[in-house]
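Hi,

Here is the structure I promised to pass on.

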Amino acid sequence: MSPFGGWGMLAAFLAMLCCQGSGEKAFEGPEHLMVGSGEFQMINCTASCTDPTNLILETALNKTLLESQAQWKLFQVYNISKDEELLCSFTCAGKQEMKVFNITVFYPPKQVLLTLSHTSVAVGTLFTIECMVPAVAPLEGLTVTLLRGTEILHNQTFEETAPFPHDAVVTHNTTAHREDGHHNFSCEAQMDLRSRGGGLVHRVSDPQRLEVKEPEPNYQMVIMAIVIVLLLLFVTFVFLCFVFSEKWRRGRTGHYPVQAAWNRLRRSHRAQPL
């Protein structure tokens, strides 16, 4: 049944109350109706006089007469799959009159599908949240909201006016935080048809959980640091070995070979003519 079928039944109920034992003009119900695709709608066909003749509802759709009185007839119209124009015609005092019911078909959000690009991420990692609402129309007035618990992460209201069903897709990139693992992610779709004579249609996705892990250490950097430390220790060891060997040699011979070589190099440099 259409989410707004309650309006049609309310109109019918008021019509029956108004018409029974009254000569006043009956409540006629809305002339513009929003009906979900494939659903049905109550149509109250009411004349403008108290004793009409030939009171009929003209439509190619399947219909059933539910109840009637002298001034009105209540019909149920089935399997509405496209925009329709229904004519309620009747004759009052020899003059034929009619009333037009314009039915606009909409495709409500029947499914809301939430997808996380990763089910397990490390803190600080970028991930994507995608929400898809399949085959909805009109897109205009459809708002898709991405939630973490009750917190709104992102929302988008569509403005396209294409009458045919389209998939509405919303994506949002965000960074994983430690607290993300304590909340469910979800997506809400709300179709607002109040400006068209309808109401609000609301659907929510199944919740999704994200596992958030501590970032893993960078083993490559650790290995590089260890290699550098070992290299410095090796160079230091070689240098100390050289220093202590020179000291040991001086203690035995009283002569530093390296210092002697350096002195010879200095003397030869001074002896060169300018």
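Predicted model: local features only at pLDDT ≥ 70, side-chain atom pairs only at ≥ 80, totals over all residues.

UniProt, in an unreviewed entry, puts a "transmembrane region" at residues 221-244. In the model that stretch is 100% helix and 0% strand, with its end C-alpha atoms 35 Å apart. There is also a nonpolar patch on the surface, made up of Val 222, Ile 226, Val 229, Leu 230 and Leu 233, and together these residues have about 450 Å² of accessible area. One of them, Ile 226, sits in helix α2, which runs over residues 219-253. Ile 226 comes out as partly exposed because its relative accessibility is 46%, and the range for that class lies between 20% and 50%.

Now the strands. Asn 62 is in the loop that links β3 (53-58) to β4 (63-68). Setting aside residues up to four places away in sequence, Asn 62 touches Gln 76, Val 77, Tyr 78 and Asn 79. Asn 79 is 17 residues away along the chain, yet the two C-alpha atoms are separated by 7.3 Å.

Gln 76 belongs to strand β5 (residues 72-80). So is Gln 76 buried or exposed? It counts as buried, because its relative accessibility is 11% and the cut-off is under 20%. Its contacts beyond four places in sequence are Phe 40, Gln 41, Met 42, Asn 62, Lys 63, Thr 64 and Leu 66. The side chain of Gln 76 also makes a polar contact with the side chain of Tyr 78, at 3.1 Å.

Cheers

Methods. Residues numbered from 1 in each chain as written. Heavy atoms only, no water. Patch = residues over 30% accessible without salt bridge, like charges linked within 9 Å, V, L, I, M, F, W, Y side chains within 5 Å. Areas by Shrake-Rupley, 256 points an atom, 1.4 Å probe, with all protein chains shown as cover. Salt bridge = Lys/Arg side-chain N within 4 Å of Asp/Glu carboxyl O. Helix = DSSP H or I, 4+ residues; strand = E, 2+ residues; numbered from the N terminus. Buried < 20%, exposed > 50% of the residue type's maximum accessible area, 1.4 Å probe, protein only. UniProt positions renumbered as here; feature names shortened; annotations may be inferred. Contact = heavy atoms within 4.5 Å. Polar contact = N/O pair within 3.5 Å; in protein donor to acceptor, adjacent residues only side chain to side chain.
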